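I opened this one to see how its pieces pack together. Here are my notes, in the order I looked things up.

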Amino acid sequence: MTNLLNQYYEFAIELLSTLGICYGKVTKVFIMPKASTRTLGICKRNRDYSGYWDGTFSISLNPCLFADGVNDDIIVQTLLHELIHTVYGCFNHGKKFKFYAQIINNKYGYNISRTTDSSKFGVELPKRKNKFE
C-alpha cells in the first residue's frame, strides 16, 4: 500500500510542478491508522522538539480512499488538495487556496474545493458514533 501511495504522491507533485506551483516540504505521507468520519485527508504542520513549526508538513489520507471500487482520481485530488495547503499562504481555505485549486481544476479537470461529498466518488466514510447511545 505504501508504494502505491508514494506513486500517487509523486504523480500529484508532478502535476503541481508542471504548473509551476511551489509547494512546501512534505516529510511524511501516510494512511491514517484509523478511518476518519469527517475527512478524506489532513495536512499538518510538523513541530520541532520545542513545539514550534519546523517549516515542514505531513499529509495523511483516509484508508477509505483505498477501498475497492474507489476511483484513482479522488486519491490524486485529495493529495492535491492537501498539497495546496503546503503552498505559502494556503494553510486555510482562503482566496489563495481557492486560486490555486482553480488553476489545477482548469488544467486537469479535477474538482478541488474546500469540502467534498465523498459519496459522489464511491468513498464511504464510517458513520459517526453517538457517545450517548
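**Entry 1: helix 1.** I began with the buried residues of helix 1, which are Leu5, Tyr8, Tyr9, Ala12, Ile13, Leu15 and Leu16. They share the same side of helix 1, because they cover an arc of only 150 degrees around the axis. The arc is taken from the directions that run from the helix axis to the C-beta atoms. For burial I used relative accessible area with a 1.4 Å probe and protein chains only: buried is under 20%, exposed is over 50%, and partly exposed lies in between. On the face turned away from the buried side of helix 1, I found the exposed residues Asn3, Glu14 and Thr18.

A note on provenance before I go on. This is a predicted model, in which local features need pLDDT of at least 70 and side-chain atom pairs count only at pLDDT 80 or more, while totals for chains, interfaces and linings use all residues. Residues are numbered from 1 along each chain as its sequence is written, and side-chain values use heavy atoms, with hydrogens and water left out.

I then checked the length of helix 1: its 17 residues reach 24 Å from first C-alpha to last, close to the 24 Å expected at 1.5 Å a residue. The expected span is 1.5 Å times one less than the number of residues. The buried residues of helix 1 pack against strand 1, strand 3, helix 2 and helix 3; contact here means heavy atoms within 4.5 Å. Glycine 20 follows helix 1 and has a positive phi, near 75 degrees.

**Entry 2: the layout.** I stepped back to the whole protein chain and counted 3 helices and 3 strands. Helices (H or I, at least four residues) and strands (E, at least two) are DSSP runs numbered from the N terminus. Their order from the N terminus is α-β-β-β-α-α. Of the 133 residues in the protein chain, 40% count as buried. Among contacts with a separation of 6 or more, 64% come from residues 24 or more positions apart.

**Entry 3: the strands.** In which sense does strand 1 pair with strand 3? I found them parallel, over 6 bridges. Strand 2 (residues 41–47) and strand 3 are antiparallel, also over 6 bridges. Two strands pair if DSSP finds at least two bridges between them. Glycine 41 has leucine 61 of strand 3 as its bridge partner. Strand 2 and strand 3 form a hairpin with 5 residues between them, and glycine 51 in that turn has a positive phi of about 95 degrees.

**Entry 4: helix 2.** Why did I mark helix 2 as largely enclosed by the rest of the structure? Because 11 of its 13 residues are buried. The buried set includes Ile74, Gln77, His81 and Glu82. These buried residues of helix 2 pack against helix 1, strand 1, strand 2, strand 3 and helix 3. The end C-alpha atoms of helix 2 are 19 Å apart, which agrees with the 18 Å its 13 residues should span.

**Entry 5: the core.** The largest nonpolar core has 35 residues, and Leu79 and Leu80 have the most contacts inside it. Such a core is a set of buried Ala, Val, Leu, Ile, Met, Phe, Trp, Tyr and Cys residues joined through side-chain atoms within 4.5 Å. Helix 1, strand 1, strand 3, helix 2 and helix 3 each supply at least two residues of this core. Beyond its neighbours within four places in sequence, leucine 79 touches Tyr8, Tyr9, Ala12, Val29, Ile59 and Leu61.

**Entry 6: helix 3.** In helix 3, the buried residues are Phe97, Tyr100, Ala101, Ile104 and Asn105. Their arc is only 140 degrees around the axis, which puts them on the same side of helix 3. They pack against helix 1 and helix 2. The face turned away carries the exposed Lys95, Lys98, Asn106 and Lys107.

**Entry 7: cysteines.** I looked for disulfides, meaning pairs of cysteine sulfur atoms within 2.5 Å, and the count is 0. Cysteine 43 is buried at 11% relative accessible area, and cysteine 64 is buried at 13%.
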